[in-house]
Amino acid sequence: MAVKTIAYSYWRSIQRGVRAFASVPVELQNDVKAIAAEDVANGVINADQYEQFIGEPLATE
């Protein structure tokens, strides 16, 4: 999956509390979710933090 570089910038802003996920353009939201899920998988954040940042639980497959 190719994630748009700008999505990383949005994700960093969300983590800093400067931006809310709801303000991310719709076309980038899936990319931001993918980055956030990757951070959960890598132990950077936990699933509760993901839910706080994104506003929905982390989808488990």
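Buried residues, meaning those under 20% relative accessible area (1.4 Å probe, protein chains only), make up 31% of the 61 residues in this protein. Exposed residues lie over 50%, and partly exposed ones fall in between. Before we go further, please keep in mind that this is a predicted model, in which local features need pLDDT of at least 70 and side-chain atom pairs count only at pLDDT 80 or more, while totals for chains, interfaces and linings use all residues. Residues are numbered from 1 along each chain as its sequence is written, and side-chain values use heavy atoms, with hydrogens and water left out.

Let us start with the overall fold. The protein has three helices and zero strands, and along the sequence the pattern reads α-α-α. Helices here are DSSP runs of H or I with at least four residues, strands are runs of E with at least two, and both are numbered from the N terminus. The C-alpha atoms fill a box of roughly 25 × 25 × 15 Å along the principal axes. The radius of gyration is 10 Å, which agrees with the value near 10 Å for a compact globule of 61 residues. That radius is taken over C-alpha atoms, and the globule rule is 2.2 Å times the number of residues to the power 0.38.

A contact means heavy atoms within 4.5 Å. Among contacts with a separation of 6 or more, residues 24 or more positions apart account for 37%. The accessible surface comes to about 4,100 Å², and 49% of this belongs to carbon and sulfur atoms; the areas come from the Shrake-Rupley method with a 1.4 Å probe, and for residues only the protein chains shown count as cover.

Now walk into helix α1, which spans residues 5-16 and holds Ser 13. Ser 13 is buried because its relative accessible area is 10%. Leaving aside neighbours within four places in sequence, Ser 13 is in contact with Val 18 and Arg 19. Arg 12 is also found in helix α1, but Arg 12 is partly exposed, with a relative accessible area of 45%.

Helix α2 covers residues 26-41 and includes Ala 41. Ala 41 is exposed, since its relative accessible area is 66%. The C-alpha atoms of Ala 41 and Asp 31 are ten residues apart along the chain and separated by 15 Å. Not counting residues up to four places away in sequence, Lys 33 touches Phe 21, Tyr 50, Ile 54 and Glu 56. Its C-alpha atom is 10 Å from that of Val 3, 30 residues apart along the chain, and 12 Å from that of Arg 12, 21 residues apart.

Helix α3 spans residues 47-54, and at its start a side-chain oxygen of Asn 46 reaches to within 3.0 Å of the backbone nitrogen of Asp 48. At the other end, α3 is followed by Gly 55, whose phi is positive, near 90°. Ala 59 sits in the segment after α3 and is exposed, with a relative accessible area of 63%. The C-alpha atoms of Ala 59 and Lys 33 are 26 residues apart along the chain and separated by 9.9 Å.

Note on methods: Polar contact = N/O pair within 3.5 Å; in protein donor to acceptor, adjacent residues only side chain to side chain.
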